[in-house]
Amino acid sequence: MPPTALALVAASVLCHATWNLLAKRAGSASGPVFVGMWSAVAALLWAPLGVWTLWTAWTSLDWRTPLFIGAALVLHTGYYLVLQRGYRVGDLSVVYPVARGTGPLLASSVAVLVWHERPGLLGWAGILALSVSVALLGLRKASSGIGYGLLVGVFIAAYTLLDKQAVTAAAIPPILVNWGTDTLRALSFTPLLVRRRAQVREVWREHWKSALGTAIFSPASYMLILTALTVAPVTVIAPLREVSVVLVVFLGARLLGERDMWRRLVCAFGVVLGAAGTLLGRS
């Protein structure tokens with residue numbers, strides 16, 4: 001694995017854990033308002049880099065670019081809205097690992113049932129580890145929000161496959177994919193934010209730090225991972241990225257006071273190992 005890819009993944013893990021912690025802290029805020037608000041901030045903050053990238057890459061783009069970015073807008077927006085709802089009703093240390101574990105599990109299930117792939121012994125072990133880990137996270141009463149975590153995992157599986165094609169097959173710069181979707185989301189949410197401007201002011205007053213941090217770290221984390229995918233295979237990048245599950249479970253316990261840390265940490269390790277097994281078993 002190239003050292004550059006490893007550094008990109010490590011930075012992405014830290015950024016991803018940070019913005020999810022901030023989004024959870026704003027979980028009491030209205031989901032659409034908070035998502036629209038931080039998307040607008042992100043569109044402005046990343047505009048210089050986004051415009052420069054669009055300018056320099058303009059001649060290499062084709063008719064597929066708006067199609068990919070439009071599809072990414074739908075999937076990423078659904079992901080953020082469902083995730084924010086999950087954080088409003090459930091623990092960070094439950095919703096996050098369930099979401100991160102469901103993506104590889106779904107991708108492997110589709111490969112087996114639809115495309116008749118044979119994962120091999122390592123792949124089947126990974127599928128089993130993912131299934132058991134996700135199930136254990138939802139056993140207790142404290143595990144509310146697991147349904148939202150499962151749905152978030154569906155969006156993760158879908159947009160990962162789509163965006164991988166966007167940056168490889170269509171050669172769209174990762175920065176343009178992320179900034180384009182954030183900007184279009186901010187524009188599409190503008191009428192809502194105008195109608196609810198009193199609520200926007202309230203949410204901003206209470207959660208402006210979370211909104212600003214999410215606007216910085218969420219785009220950064222995904223652009224880093226998309227960049228890593230251009231220099232290393234997904235079967236290497238994806239399992240390493242799942243290390244963020246363990247970090248987030250630990251942060252949920254230490255910084256948010258969430259209970260049952262050790263059981264959830266064991267399940268989180270199961271998610272990481274399961275994701276590695278399912279992806280490496282298919283390689």
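A residue counts as buried when its relative accessible area is under 20%. Keep that cut-off in mind as you go through these views of a predicted model.

**View 1. Val-82 is a buried residue of helix 4.** Val-82 lies in helix 4. Its relative accessibility is 14%, so Val-82 counts as buried. Who are its partners? Setting aside residues up to four places away in sequence, Val-82 touches Tyr-148, Leu-151, Val-152 and Phe-155. Look for Gly-147 as well: Val-82 and Gly-147 are 65 residues apart in sequence, yet their C-alpha atoms are 9.9 Å apart in space.

**View 2. Helix 4 packs against helix 7.** Two packed helices are described by the angle between their axes and the distance between the axes. Here helix 4 covers residues 64-89 and helix 7 covers residues 146-168. What angle do they make? The angle is about 155 degrees, and the axes are 9 Å apart. Angles over 145 degrees count as roughly antiparallel, so helix 4 is roughly antiparallel to helix 7. The crossing of the two helices is left-handed.

View 3. What kinds of residues meet here? The contact is made up of 17 nonpolar, 4 polar and 2 charged residues.

**View 4. Trp-38 belongs to the largest nonpolar core.** In soluble globular proteins, nonpolar side chains tend to be buried together. The largest nonpolar core in this model has 66 residues. Which of them touch the most other members? They are Phe-34, Trp-38, Tyr-79 and Ile-237. Now turn to Trp-38 itself. Apart from neighbours within four places in sequence, Trp-38 is in contact with Tyr-80, Asp-182, Arg-185, Ala-211, Thr-214, Ala-215 and Ser-218.

**View 5. Ser-244 is buried in helix 11.** Helix 11 spans residues 243-256, and Ser-244 is found in it. Is Ser-244 buried or exposed? Its relative accessible area is 2%, so Ser-244 is buried. Leaving aside neighbours within four places in sequence, Ser-244 is in contact with Val-13 and Tyr-96.

**View 6. Glu-202 is partly exposed in helix 9.** Glu-202 is found in helix 9, which runs over residues 197-229. With a relative accessible area of 39%, Glu-202 is partly exposed. Find Ala-29 too: Glu-202 and Ala-29 are 173 residues apart in sequence, and 9.1 Å separates their C-alpha atoms in space.

**View 7. Ala-171 has a positive phi.** Ala-171 sits in the loop between helix 7 and helix 8, the latter being residues 174-195. Its phi is near 55 degrees, a positive value in a residue other than glycine. At 42% relative accessibility, Ala-171 counts as partly exposed.

**View 8. The protein chain has 12 helices and 0 strands.** How much of the protein chain is buried? Buried residues make up 55% of its 283 residues. Among contacts between residues at least 6 apart in sequence, 88% join residues at least 24 apart.

Definitions and conventions
Residues are numbered from 1 along each chain as its sequence is written. This is a predicted model: local features need pLDDT of at least 70, side-chain atom pairs count only at pLDDT 80 or more; totals for chains, interfaces and linings use all residues. Side-chain values use heavy atoms; hydrogens and water are left out. A nonpolar core is a set of buried Ala, Val, Leu, Ile, Met, Phe, Trp, Tyr and Cys residues joined through side-chain atoms within 4.5 Å. Buried means under 20% relative accessible area, exposed over 50%, partly exposed in between (1.4 Å probe, protein chains only). Contact means heavy atoms within 4.5 Å. Axes are lines fitted to C-alpha atoms, for helices over the stretch in contact, and angles run from 0 to 180 degrees between N-to-C directions. Helices (H or I, at least four residues) and strands (E, at least two) are DSSP runs, numbered from the N terminus. Angles under 35 degrees count as roughly parallel, over 145 as roughly antiparallel, 65 to 115 as roughly perpendicular and the rest as oblique. A crossing is left-handed if the near helix is turned anticlockwise from the far one by less than a right angle, and right-handed if clockwise. Ala, Val, Leu, Ile, Met, Phe, Trp, Tyr, Cys and Pro count as nonpolar, Asp, Glu, Lys and Arg as charged, and the others, Gly among them, as polar.
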